[in-house]
Amino acid sequence: MLNLVLKRAALGLITLWAASVLIFAGTQILPGDLAQAVLQNNATPENVAALREELGLDRPAVERYAEWLGNAVHGDLGTSLVNHRDVAQDLAPRLYNTFFLALYAAIIAIPLSVGLGVLAAAWQGSAFDSAANAVTLLAISLPEYFLGYLLIKWVAVQWGLFPVLASVTPETSFTERLYMTFLPMLTLVLVIMAHIMRMTRASVISVMSSPYIEMAVLKGLAKWRVVVEHALPNALAPIINVVALNLAYLIVGVVVIEVVFVYPGLGQSMVDAVSKRDVPVVQACGLIFAAVFISLNMIADILAIVSNPRLRHPR
Amino acid sequence: MKRIGQQSRRDFLKTAAALGLSATAAPYMVHSAFAQETPKKGGTLRIGMRGGSTTDTLNPTSYSNAVPLLVGYAVMNGLIEIDEKGVPQPELFESWEIGAEAKEWVFNVRKGVTFHNGKEMTAADVLYSLSLHTGKDSKSPAAGGLKHISEIQKLGTHQIKIVLSSSDVDLHYALADYHLLVVPEGFTDWAKPVGTGAFTVESFDPGVRCVLSNAGNYWKSGRGNVERIEITVVNDIVQRMNALVAGQVDVINDVDKRAVDLFRAAPGIELVQAPGGWHTIMAMQSDVAPFNNPDFRLALKYACDREQILNALFNGFGRIGNDHPIPVSDPFFNAALPQRAFDLDKAKFHLKKSGLVDTTITLSASDAAYVGAVDMSVLFQASAAKAGLTIDVKKEPHDGFWSNVWLKAPFCTSYWAGRASATDMLASAYYSGASWNETHWKNETFDQLLAAAKAEVDEAKRKTIIGDMQTMLSDDGGALIPVFSDWLDAHRSHVKGHTPHTQFDLANGRLCEKVWLDA
């Protein structure tokens, strides 16, 4: 098994390296010359040439890539071309915000949707099953910003229960933060619930039709024990995968929610940086997002291996 | 005061203007009266603003967004302030004299003003602050308006002289540019600017939030009233309005004109509307076929249903344009020039005369120009079709529009936010040698008139000259200017001193020092 896990980890590293190549190449082919974009209205040929040299743009791309990757591995993400601040230092609080919101949403959404999925599977075909399906499907069918606007309209503006803007600062206390980010969290929970719930339900139902479950029912076990102790452990692998995918989404895919709720996360930084051609920031965000995505998938695969007796004890 | 790249587009430019012009007959409560009550001191003002980015800095040579502009004016002072009527008023320059041929200007620097660090402000600080923009390798957007300055001399501790290479009776408008803020001589720590303004920066998180606190003992009487200001960047237009309705902020800028009815249901919200120089353009390059044909240009101009665009896209909060860039709020606006109507017969007539009846043209449109540019292009496409003109609307990508399409495509959407003086506006975009002459329109007589207008001290004569230039542009120029849009802010009713300004929203960026709270 260790062999399998190590192999999977190595694969993850290779994927990350490939992603870094793509990120670097991608930022090189953004439309418009970088030096020109930075200089804007002052882009005389001499200035452009001077800045190109300063940024090292006159050197071969491979050399610049190697240097960039080397620095990034050591935690040096460079300096912003626009505001000349240290990228790592600037992004740290935003990264924290992004993780905070993702974790907040995940802690609520995952138990809730796995629970609902198990219940829906246990009571397959009941009114509860239909209702849970209908509600989660409705939530996932609406674009996330629209869902956000609806919540804002009713919960924030009409009833005044939670703030419209989730503009947290580093000084915001933990409880205050939970309160301020409640609506973005709720939006995200609604967005990811359907996936996880339906995958759990389908996976449990498919296991429920196997002979050993029938055996368990026939020997007179209580229904909840059949579902939770016998069916769920064998249905875990696909659930773990869908949870990992949704976790990754919570971290790398929520820029729309950040904009709507004015939440200072990493996505907003990246969008701003792309429009200003602030390449070091774009590269840093890209690398962070890639790393998160790849590690979560890797962890999911490893957990799937661990949770599967056939993979755990290969013959 | 430039217009390439980010700076330009966000360069909320300026227009000299007389208030008192009737605002559109919008059926909303519009706050326009000057507060007659005595300002109260204290309180916290919360502003929700469009116009902030994580790439912002507080270095005045970098300002390209509304948030740093507002913070800049809160912490530092300008040399000259344009008032609500569009007239230059003393600020750190207390008075000035124009020398012979408007080539030499002498400015007296205000005495008894101290920086936050306790140092008294003198001519040396002004010289240093100006040099940040006029220096050879300055990247300041204000540099363009100052490039005719050949020398700046210090005449005394509180007096300077500016020598120009060409006559300019409007130099004081250029010196009112929002980038030209005064800091102590040698100052470079832009993370925490030191100025002579009413506030100091407590914290600045670019694109997120800025907190200002009152510096105390402000030198302008009646200003600098509130104790603390919290600026939150809310770039999403719907959320800005929600935040105001929910009471999470007290003031917002750039109200969604089409959704302004939302405020009707919410008591205690007032709109602040000001006519200004912000205008939309469809720029035709008049040296490229078929736009090199003056009749073809006229046919397009007559085939544009301006009223429809104004009502559909701006909900009537603005006024229709007459194919020249001078707004009705400018003292030099040519009121005698008849407004071009939507006239299909004339459009057909000029199209026929041009001999280009079956020509299909492409309009490169993008909402990068301004939100609604694509919609406007489609409306224009429909109205022009009625005159037999076939227009393909090509939707260009948002990203890179200003570097890849603007100034390159022969017919594209664009905008200008207006300029403090009419001559500056005309020189920036219509002078034959201007780098942002987006219409490629070149006219020798026009260039001569521009030079004459800049040197003419007599107001009445200038008015005639600038009026003639507007006629030339309207009849022959390559810019189709359908609409001028108004500045539209909103605040909760306890906010006082937030008055309309023709130059830019939030009282031309000076909201922080002007505002007071009636608790």
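What follows is a chat about aromatic pairs, a sheet and cavities in a predicted model.

Student: What should I know before I start?
Tutor: Residues are numbered from 1 along each chain as its sequence is written, chains are lettered from A and ligands numbered from 1 in the order in which they are written. The model is predicted, and local features need pLDDT of at least 70, side-chain atom pairs count only at pLDDT 80 or more, totals for chains, interfaces and linings use all residues, and side-chain values use heavy atoms, with hydrogens and water left out.

Student: How many aromatic pairs are there over all chains?
Tutor: The structure holds 26. Rings of Phe, Tyr and Trp (its six-membered ring) pair if their centres lie within 6.5 Å; planes under 30 degrees apart are stacked, over 60 edge-to-face, and the rest tilted.

Student: What kind of pair do Y145(A) and Y149(A) form?
Tutor: An edge-to-face one, with 6.0 Å centre to centre and 80° between the planes. Y145(A) and Y149(A) are separated by about one helical turn because they are 4 residues apart in helix α7 (residues 144-158) of chain A. Helices here are DSSP runs of H or I with at least four residues, strands are runs of E with at least two, and both are numbered from the N terminus.

Student: And F162(A) with Y179(A), what kind is that?
Tutor: That pair is tilted, at 5.5 Å centre to centre and 40° between the planes. It links distant parts of the chain: F162(A) is in the loop between α7 and α8 (174-180) of chain A, and Y179(A) is in helix α8 of chain A, 17 residues away.

Student: New topic. Which strands stand at the edges of the open sheet in chain B?
Tutor: The sheet has 7 strands in the order β8-β9-β10-β1-β11-β20-β12, with mixed pairing. β8 (199-205) and β12 (269-274) of chain B are at the edges, each with a single partner strand, so one side of each has no neighbour in the sheet. Two strands pair if DSSP finds at least two bridges between them.

Student: How many bridges join β12(B) to β20?
Tutor: There are 6, and β12(B) runs antiparallel to β20 (residues 487-492) of chain B. Q273(B) stands opposite L488(B) in β20(B).

Student: Which elements each supply at least two residues of the second largest cavity's lining?
Tutor: β12, β20 and α14 (505-508) of chain B do. Q273(B) is among the lining residues, along with W487(B) and D505(B).

How values were computed
1 Å grid on protein atoms, 1.4 Å probe; cavity = no way out; pocket = protein on both sides within 12 Å on 5 of 7 lines; lining within 4 Å.
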